[in-house]
Amino acid sequence: PVPLKMVSACMAGVQCRYNGQSKTVPMLRDMVQRGDAIALCPERLAGLATPRRPAEIKGGDGYAVLDGKARVYDDLGEDLTGAFIIAAYKTLHVLQAAGVNEVVLKEGSPSCGCNEIYDGTFSGTRKSGVGVTTALLLRSGIHVYSEKMLFGDAQPELVLSNM
Ligand code: SF4
């Protein structure tokens with residue numbers, strides 16, 4: 001059998017993003033519908049509501065947050081660091097319990113980002129780095145891919161599905 005994978009729930013069609021929307025990637029949604037993957041939203045696992053204020057990491061990336069050297073804030077300045085760390089550990093525990101060793105996470109997110117995150121200024125500026133959940137999963141030996149690593153920027157179906 002195909003090993004079970006996990007995908008960021010927002011890419012599987014779940015409306016769990018901060019703005020109350022999904023960012024559906026049809027191939028990933030189909031994997032979940034076939035039973036080849038489970039859909040998880042780390043931030044929802046941590047009890048954060050949808051919709052919620054946008055959040056960004058200030059002072060580093062997900063690794064720095066895990067190491068106490070950077071923090072996560074929403075755009076009103078509320079410190080969400082604790083919730084984001086809980087999100088990462090809850091996700092790891094679910095994956096370990098389910099025997100999942102491969103995940104596809106949403107690029108750019110302060111939890112799920114794989115190569116890029118926003119820079120903490122809420123100006124739409126990206127920088128290199130990983131989200132908090134991604135950092136913990138990578139440190140735990142889980143293989144992490146983003147939708148961009150798998151599909152690149154060419155996702156006409158994705159654009160259509162979000163219009
Ligand atoms: Fe949830 Fe990750 Fe999607 Fe954000 S990017 S909505 S934390 S699954």
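## Contacts of L28

Leaving aside neighbours within four places in sequence, L28 is in contact with V7, M11, A12, V104 and E147; contact is counted when two C-beta atoms, placed from the backbone, lie within 7 Å. The model is predicted: local features need pLDDT of at least 70, side-chain atom pairs count only at pLDDT 80 or more, and totals for chains, interfaces and linings use all residues. Residues are numbered from 1 along each chain as its sequence is written.

L28 counts as buried because 27 C-beta neighbours lie inside 10 Å. A residue is buried with 20 or more other C-beta atoms within 10 Å of its own, exposed with 12 or fewer, and partly exposed in between. The C-alpha atoms of L28 and L95 are separated by 17 Å, and the two residues are 67 apart along the chain.

## Helix 1

L28 belongs to helix 1, residues 26–34. Helices are DSSP runs (H or I, at least four residues) and strands are E runs of at least two, numbered from the N terminus. The buried residues L28, R29 and M31 are in helix 1. They lie on the same side of helix 1, because they cover an arc of only 155 degrees around the axis; the arc is taken from the directions from the helix axis to the C-beta atoms.

The buried residues of helix 1 pack against strand 1 (5–8), strand 2 (37–40), strand 5 (102–105) and helix 6 (147–151). On the face turned away from the buried side, helix 1 carries the exposed residues Q33 and R34. After helix 1 comes G35, with a positive phi near 90 degrees.
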